[in-house]
Amino acid sequence: MDVIERIKDQLGSHPIVLYMKGSPDFPQCGFSAQTVQAIKDCGVQFMYINIFEDLEVREALKEYSNWPTYPQLYVNGELVGGCDIIMDLHSKGELQEILKKAA
Amino acid sequence: MTSELIKQKLNESIQPELIEIVDDSAAHAGHAGARQGGGHYNVTIVAKIFDGKSLIQRHQLIYQALSDLMKSEIHALGINALTPSENK
């Protein structure tokens, strides 16, 4: 399977997918840590992909989504945002709405 | 100075009414991304071009303008992208 197929497969396998640095229990970047916390606050299950463990996906996803940094949160296959947007949505209470609807 | 480069690139492609860049690199010195040489910056930018665009689309415009810099000079970019009416 080529890398784009693999990304599509990942995005199709769970309604909420977070591409991040490290894991939810051991995030390896402050922005990934903040984003994980915001999602946890919403009380939903999500799938994560540690981009440090898949360098091919790490590079290809940046092109795929026209988004050069991590974390990246996807809901139903659509990019919702990176850390700034997630924190902004969370502070307005909109993140929970989006995630609950999808979960 | 990377801040100046960021400002220049954004001025060219986004033509903002207001732009402010804060170099926050010192606060992140020592962690992995910073060791690779990329800095942390916060950008506040007010531009007409953001009218009718979602947050995702606004950020993508900015990332596109800075694509060369995102590869090495910039490790992290905080973005606050507003339309002129949102800034009032």
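Okay, let's start with strand 1 of chain B, residues 18–23, which is hardly covered: of its six residues, the count that are buried is zero. Before I go on, keep in mind that this is a predicted model.

So what does that strand pair with? Strand 1 of chain B pairs with strand 2 of chain B, residues 39–46, in the antiparallel sense, and the two share six bridges.

Let me zoom out on chain B. We have four helices and three strands here, and along the sequence they come in the pattern α-β-α-β-α-α-β. How much of chain B is buried? Of its 88 residues, 31% count as buried. On contacts, take the ones in chain B between residues at least 6 apart in sequence: 67% of those join residues at least 24 apart.

Now the helices of chain B. Two packed helices are described by the angle between their axes and the distance between the axes. Here, helix 1 of chain B (residues 2–14) packs with helix 3 of chain B (residues 55–65) at an angle of about 120°, and the axes are 9 Å apart. Why call that oblique? Roughly perpendicular stops at 115 degrees and roughly antiparallel needs over 145, so helix 1 of chain B ends up oblique to helix 3 of chain B. The crossing of these two helices is right-handed. From helix 1 of chain B, the residues making the contact are B:Lys9, B:Leu10, B:Ser13 and B:Ile14, and helix 3 of chain B brings B:Leu61, B:Ile62 and B:Ala65. By class, the contact between these helices has five nonpolar residues, one polar and one charged.

Next slide: where the chains meet. Chain A puts 11 residues into the contact and chain B puts in 12. On the chain A side, strand 4 and helix 4 (83–91) each supply at least two residues. Which element of chain A gives the most? That's helix 4, with three residues. By class, the side of chain A that touches chain B has six nonpolar, three polar and two charged residues.

Over to the sheet in chain A. Four strands make an open sheet there, in the order 2-1-3-4, with mixed pairing. Strand 2 (47–50) and strand 4 (78–81) of chain A are at the edges with a single partner strand each, so each has one side left without a neighbour in the sheet. From one strand to the next, the twist averages 25°.

Further in, strand 1 of chain A (residues 16–20) and strand 3 of chain A (residues 72–75) run antiparallel, joined by four bridges. A:Tyr19 stands opposite A:Gln72 of strand 3. Lying across strands 1, 3 and 4 of chain A is helix 5, residues 94–102, which runs at about 50° to strand 3.

Last stop, A:Val17, which belongs to strand 1 of chain A. Is A:Val17 buried or exposed? The cut-off for buried is 20 or more other C-beta atoms within 10 Å, and A:Val17 has 21, so A:Val17 is buried. And what is A:Val17 in contact with, leaving aside neighbours within four places in sequence? The residues are A:Gln10, A:Leu11, A:Phe46, A:Met47, A:Ile49 and A:Tyr74. One more distance: A:Val17 and A:Lys100 are 83 residues apart along the chain, and their C-alpha atoms are separated by 13 Å. Okay, over to you.

Key. Residues are numbered from 1 along each chain as its sequence is written. Chains are lettered from A and ligands numbered from 1 in the order in which they are written. This is a predicted model: local features need pLDDT of at least 70, side-chain atom pairs count only at pLDDT 80 or more; totals for chains, interfaces and linings use all residues. Two strands pair if DSSP finds at least two bridges between them. Axes are lines fitted to C-alpha atoms, for helices over the stretch in contact, and angles run from 0 to 180 degrees between N-to-C directions. Two residues are in contact if their C-beta atoms, placed from the backbone, lie within 7 Å. Ala, Val, Leu, Ile, Met, Phe, Trp, Tyr, Cys and Pro count as nonpolar, Asp, Glu, Lys and Arg as charged, and the others, Gly among them, as polar. A residue is buried if 20 or more other C-beta atoms lie within 10 Å of its own, exposed if 12 or fewer, and partly exposed in between; C-beta atoms are placed from the backbone. Angles under 35 degrees count as roughly parallel, over 145 as roughly antiparallel, 65 to 115 as roughly perpendicular and the rest as oblique. A crossing is left-handed if the near helix is turned anticlockwise from the far one by less than a right angle, and right-handed if clockwise.
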